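Open the model in your viewer and keep the selection panel at hand. The stops below go from the interface to one of the chains.

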Amino acid sequence: MKGPENIRSRAVSFFTEIGEISYFALRFFREVFRPPFEFRELIRQCYNIGNRSLLLVCVTGFILGLVFTLQSRPTLMEFGAESWMPSMVSISIVREIGPVIIALICAGRIGSGIGAELGSMRVTEQIDAMEVSGTNPFKYLVVTRIVATTLMLPLLIVIGDTVALLGSAMVENLKGAVSYQLYFNEVFDALKYSDIVPATIKSFFFGFAIGLVGCYKGYYCSKGTVGVGEASNAAVVYTSMLLFVIDFIAVFVTDIFFEVQ
Amino acid sequence: MQKTVAQKVRLGIFVILGTTLLVSALYFIGNRQNLFGKNIELHSEFTNVNGLQLGNNVRYSGINVGTVKAINMIGQSRIVVSMFIEEKIAKRINKNAVATIGSDGLVGSMLINILPQEGTSPPIVSGDTIQSYTKIGANDILSTLSVTNENAAILTSDLLKITTKIIEGEGTISMLINDTTMAENLKLSVIELRRASSGANEAIRQLNGIIAGIDFDESVAGVLLNDSVSGEKVKKIITDLESSSGNIEMVSAQLDEYVSEMRAGEGAVNKLINDEVFAQNLDTTLLNLKEATNRLNTNMEALKHNFLFRGYFRKLERQKKKAERDSLKKLKK
């Protein structure tokens, strides 16, 4: 009897979690358009999330393009199709690999950071103190962070994609004697709006998911300092899973609307 | 406060950088698809577009000049492909240009090649339809290859039969390969042929020398070869000669017949020549005729002096003299 009960309790817990996150998201949408607006805090969060992640994203993107090109080259060389490298790498990075990898990196850095920060504030009763003092902690802490991640992640992904393509171009330039101009000509020949627009729209959802899950886990943190660690860890795990679900849905929708072939 | 301003500046730079990159990428991609420049619309009709898609490149003499805008099917098999062509390049494309569907490399994406044609024609304008030419597709090539393969299989089978026969010593080729005596004979024949060929070459060389030595300008040969009037005359002479030759042949045949008859002892001439008794009789007859003639002359002279016929002879003399006088008078006048 323990097995089925265990499954039942886990299922109830899962659906409760989904329901709570949905309520959390609905509360966000209610608060985001209602004044007062915390612009200063929003800018501070944008700086923390965007600028402070830039180096990590650039390094990751550069290595991503570099390694992807190095690993693909021998296979393409077997077919005598080295000239396809720019188009293959650009489409792969812009359409799928760039957004997903960079979102996962940001989920690790930003999601865990938000979870830990809000969790600490919750266990040290700072959020309760804000409520007592008349400040809306949801608007000040949650809305600003979710908006900041939603706005900053697309920019981080665009920059990360560009750096990844630069890394790929560098490998092609050094190994295949392909000029940077030729490489980017090939890239823009291969790319279409049906590649770049869905990826950009998708990245907004990625940013929203990272901010939402990180804030939810931190905002409802309990069990003291242990709970902070759990909130931080759960934020990363849940966000990563949610990113893949969003990616799947995005690919499915893109396939319907943009007729990707 | 100082830190907040610096943060704002850095954030501003970050946002501008990200936005610029995104907008630039969108611009370059749109520019590649001729969405921002001035374009004209061009159409062409095909029966098979071989997987052509919207946005595929259009090339003119190998230069990217536009993209495929629309692919519409009209009727059962006509497909109208509409293209965006850069306006500055469109001035150089004439109305007699031909559109074909090709691929970018062996396995690359499909594209439209516009090929210039010779001859003068005005440049295209927006809405024009140019001629199309459907190349042989991969399926056609593969079906041809299939037939070729079948033929190759039949050929291989026949070759196998032939080689088996050769190995088993059947047939002429087998003899050529296996019989050493025949091979030697063949070798000798080849050597002889080579000598004959060498001799023929020498003869031709000498003949060429003779021909080169002929003065075609001044000689009879030159006249015969170059003067058409003389040629016609010569032709007539040859025709006459042929006719004469025919007549001579006929006469010769008749003579031959006469001679044969003579030899056979037939005919009067043969009697004259060969019969001695006949000749003696003829001689005696001739002598008798001569004597009779003399006697007749004497009789005639006697008749002139006879009174019965004297008047008649005088009358004949007078008529004769009168005729002479008349002729003299005519001459004097």
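**The interface**

Begin by selecting the residues where the two chains meet: 23 residues of chain B are in contact with 24 residues of chain A. Bear in mind that this is a predicted model.

Select B:F14, B:I29 and B:R32 and show their side chains. These residues supply 30% of the area that chain B buries against chain A, more than any other three residues.

Now colour the side of chain B that touches chain A by residue class. There are 13 nonpolar, seven polar and three charged residues on that side.

Then turn to the polar atoms. How many salt bridges are there between chain B and chain A? The count is zero. Polar contacts do occur between the chains: four residue pairs, with both residues at pLDDT 80 or more, are in polar contact.

**Chain A**

Eight helices and zero strands make up the count for chain A, so followed from the N terminus the elements read α-α-α-α-α-α-α-α.

Colour chain A by burial next. The chain has 261 residues, of which 48% count as buried.

Last, draw the contacts within chain A. Among those between residues at least 6 apart in sequence, 83% join residues at least 24 apart.

Key:
Residues are numbered from 1 along each chain as its sequence is written. Chains are lettered from A and ligands numbered from 1 in the order in which they are written. This is a predicted model: local features need pLDDT of at least 70, side-chain atom pairs count only at pLDDT 80 or more; totals for chains, interfaces and linings use all residues. Side-chain values use heavy atoms; hydrogens and water are left out. Contact means heavy atoms within 4.5 Å. Buried area is the accessible area (1.4 Å probe) that two parts lose on being put together, summed over both. A salt bridge is a side-chain nitrogen of Lys or Arg within 4 Å of a carboxyl oxygen of Asp or Glu. A polar contact is a pair of N or O atoms within 3.5 Å; within protein, one must be able to donate a hydrogen and the other to accept it, and residues adjacent in sequence count only if both atoms are side-chain atoms. Ala, Val, Leu, Ile, Met, Phe, Trp, Tyr, Cys and Pro count as nonpolar, Asp, Glu, Lys and Arg as charged, and the others, Gly among them, as polar. Helices (H or I, at least four residues) and strands (E, at least two) are DSSP runs, numbered from the N terminus. Buried means under 20% relative accessible area, exposed over 50%, partly exposed in between (1.4 Å probe, protein chains only).
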